[in-house]
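The exercises below are to be worked through with the sequence and the coordinates at hand, and each task is followed by its solution.

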Amino acid sequence: KVPTLKPDDVERIHYAGEILRSQLNNPPSLIGLARLAQINDHKLKVGFRQVFGTTVFGYLHNCRMERSRQLLESGDITVANAAQIVGFTSRSHFAVAFRKKFGINPGIYRKHKCSVV
């Protein structure tokens, strides 16, 4: 049985999501995030699945991918810079993750989006 979250817990989980979105390139650890959101780590993990439909790491990953897509769409930034801004140390790991998420190589995506404007 999945425990029901109190409104206060849901608020803390949303706050934890905000923290992750604001610190994509250097997110806190799970325990650190739980402390910042003032919720225990177990409730944070269970709550993330209930509130966002994914794990804490999955949520962070999705936010990173979405932000990198926005950065590349702007056309003002290189693939390497986009990867670095969202917290990827390896450009090749970023390219693999981007392809997996969006079905297109980030460099091709950037060129295509820039030429459409």
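**Exercise 1.** Determine whether Gln38 is buried or exposed, and describe its setting.

*Solution.* Gln38 counts as exposed because its relative accessibility is 59%, where exposed means over 50% relative accessible area and buried under 20% (1.4 Å probe, protein chains only). Finally, the backbone of Gln38 shows a positive phi of about 55°, although the residue is not a glycine.

The model is predicted, so local features need pLDDT of at least 70 and side-chain atom pairs count only at pLDDT 80 or more, while totals for chains, interfaces and linings use all residues. Residues are numbered from 1 along each chain as its sequence is written, and side-chain values use heavy atoms, with hydrogens and water left out.

**Exercise 2.** Determine whether Asp9 is buried or exposed, and find which residues it touches.

*Solution.* Asp9 belongs to helix α1 (residues 7-22) and is buried, with a relative accessible area of 8%. Leaving aside residues up to four places away in sequence, Asp9 touches Ile39 and Lys43, contact meaning heavy atoms within 4.5 Å.

**Exercise 3.** Identify which residues of α1 meet α3.

*Solution.* From α1, the residues Asp9, Val10, Ile13, His14, Ala16, Gly17 and Leu20 meet Lys43, Leu44, Gly47, Phe48, Val51 and Phe52 of α3.

Key
Helix = DSSP H or I, 4+ residues; strand = E, 2+ residues; numbered from the N terminus.
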